[in-house]
Amino acid sequence: MKRFAAVALALSAVALVGCSTQTQALGTPERGLEVLREQYPEMNSVPDEMVFDLSRNICQGMDRGATVEDAIMAVYSGGLEPDLSGALVALAFATECPEYLHLFDEYT
């Protein structure tokens, strides 16, 4: 599981938020979605609000004690590829709950 999370985040986190906790959050969810869609054009067909809801749900799960692995597996179990699952978790951390950005240090 930890290996899966590491691969998912390594494939996506650097593109979205950089490679260290020195990186600042992406700002608004809209900006984060723009960056996500630049990296993953297949996300262009997903409605904005669906992505924003997913990001908020990821952060709420983290607030309740979920791990990064739990968050990625929850997204992945919805049928997304591992790198896109990691990218959505990275998006959530970078826009909705930047207090969790430091968790990327374990994976990048």
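Hi everyone, this is a short walk through one predicted protein model.

First, some ground rules. Because this is a predicted model, local features need a pLDDT of at least 70 and side-chain atom pairs count only at pLDDT 80 or more, while totals for chains, interfaces and linings use all residues. Residues are numbered from 1 along each chain as its sequence is written, and side-chain values use heavy atoms, with hydrogens and water left out.

Let's start with confidence. pLDDT is the predictor's confidence in each residue, from 0 to 100. The protein chain averages 78, and 72% of its residues score at least 70.

Now the overall layout. The chain has five helices and zero strands; these are DSSP runs, numbered from the N terminus, with helices being H or I of at least four residues and strands E of at least two. Of the 108 residues, 42% count as buried, meaning under 20% relative accessible area with a 1.4 Å probe, protein chains only. Among contacts between residues at least 6 apart in sequence, 68% join residues at least 24 apart.

How do α3 and helix α5 pack? α3 and α5 (residues 82–95) meet at an angle of about 75°, with their axes 9 Å apart. Axes here are lines fitted to C-alpha atoms, for helices over the stretch in contact, and angles run from 0 to 180 degrees between N-to-C directions. That makes α3 roughly perpendicular to α5, a label for angles of 65 to 115 degrees. On the α3 side, the contact includes Val51, Leu54 and Ile58, and on the α5 side, Leu88, Leu91 and Phe93 are among the residues. The contact residues divide into ten nonpolar, one polar and no charged.

Phe93 also turns up in the one aromatic pair of the structure. Its partner is Tyr100, at 5.7 Å centre to centre with 40° between the planes, so the pair is tilted. For reference, ring centres must lie within 6.5 Å; planes under 30 degrees apart are stacked, over 60 edge-to-face, and the rest tilted. Both Phe93 and Tyr100 are buried.

Last stop: Pro29, in helix α2 (residues 29–39). Pro29 and Val51 are 22 residues apart in sequence and 9.2 Å apart in space, C-alpha to C-alpha. Leaving aside neighbours within four places in sequence, Pro29 is in contact with Phe52, Thr95 and Glu96.

Terms used. Parallel < 35°, antiparallel > 145°, perpendicular 65-115°, else oblique. Contact = heavy atoms within 4.5 Å. Nonpolar A, V, L, I, M, F, W, Y, C, P; charged D, E, K, R; others polar. Phe/Tyr/Trp six-rings, centres within 6.5 Å; stacked < 30°, edge-to-face > 60°. Buried < 20%, exposed > 50% of the residue type's maximum accessible area, 1.4 Å probe, protein only.
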